[in-house]
Amino acid sequence: MLGGFFYGGLWWTVRRGIASPQPGLLFLGSLLLRTAIALAGFYFVSGLRWERLVACLLGFVIARAAITWLAGNPARFEQKTGHAP
């Protein structure tokens, strides 16, 4: 879930940042918030045990692959109309 939040938040930031009047502020704020939440989540979930930390990191990498796959094909989210454009 931490990876989904982090990379989903990045995807949202990039999509909103294009039209933002202050994209630098949006990107910086998003980076700080996403990183702080991910690190705090790793700390609490891992309980300072390396086995759990490795599991957290593996989940984080899997979430990156999933979000990349979902974001890579925007047509996946569009309605099918059944006629030519």
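## Glycine after helix 2

Gly 47 comes directly after helix 2, and its phi is positive, near 60°. Helices here are DSSP runs of H or I with at least four residues, strands are runs of E with at least two, and numbering starts from the N terminus.

The model is predicted: local features need pLDDT of at least 70, side-chain atom pairs count only at pLDDT 80 or more, and totals for chains, interfaces and linings use all residues. Residues are numbered from 1 along each chain as its sequence is written, and side-chain values use heavy atoms, with hydrogens and water left out.

## Leu 48 and the loop

Leu 48 lies in the loop between helix 2 and helix 3. Its phi is also positive, near 60°, and the residue is not a glycine. Most residues other than glycine have a negative phi. Leu 48 counts as exposed because its relative accessible area is 67%. The cut-offs are under 20% relative accessible area for buried, over 50% for exposed, and partly exposed in between, with a 1.4 Å probe and protein chains only.

## Overall fold

The chain has three helices and zero strands. Along the sequence the pattern reads α-α-α. Of the 85 residues, 19% count as buried.

The accessible surface of the chain is about 6600 Å², and carbon and sulfur atoms hold 72% of that surface. These areas come from the Shrake-Rupley method with a 1.4 Å probe; for residues, only the protein chains shown count as cover. Among contacts with a separation of 6 or more, 49% join residues 24 or more positions apart. A contact means heavy atoms within 4.5 Å.

## Helix 2

Helix 2 runs over residues 23–46. Its 24 residues reach 34 Å from first C-alpha to last, close to the 34 Å expected at 1.5 Å a residue. The expected span is 1.5 Å times one less than the number of residues.

Its buried residues are Ser 30, Arg 34, Ala 38, Gly 41, Phe 42 and Ser 46. They pack against helix 1 and helix 3.

## Helix 3

Helix 3 covers residues 50–71, and its 22 residues reach 31 Å from first C-alpha to last, close to the expected 32 Å. Cys 56, Phe 60, Ala 63 and Ile 67 are its buried residues. Seen down the helix axis, they fall within an arc of 65°, so they line one face of helix 3. The arc is that of the directions from the helix axis to the C-beta atoms.

Helix 1 and helix 2 are among the elements that cover this buried set. On the other side of helix 3, the exposed residues are Trp 50, Leu 58, Val 61, Ile 62 and Trp 69.

## Salt bridge

Side chains of opposite charge can pair when their charged atoms come close. The count here is one salt bridge. The rule asks for a side-chain nitrogen of Lys or Arg within 4 Å of a carboxyl oxygen of Asp or Glu.

Arg 49 and Glu 51 make the pair, at 3.8 Å from N to O. Arg 49 is partly exposed, with a relative accessible area of 45%. Glu 51 is partly exposed at 39%.

## Nonpolar surface patch

Leu 10, Val 14, Ile 18 and Phe 27 form a nonpolar patch on the surface, with about 360 Å² of accessible area together. Patch members have over 30% relative accessible area and no salt bridge; like charges are joined within 9 Å, and nonpolar side chains (Val, Leu, Ile, Met, Phe, Trp, Tyr) within 5 Å.

Ile 18 sits in the loop between helix 1 (2–17) and helix 2. Ile 18 counts as exposed because its relative accessibility is 73%.
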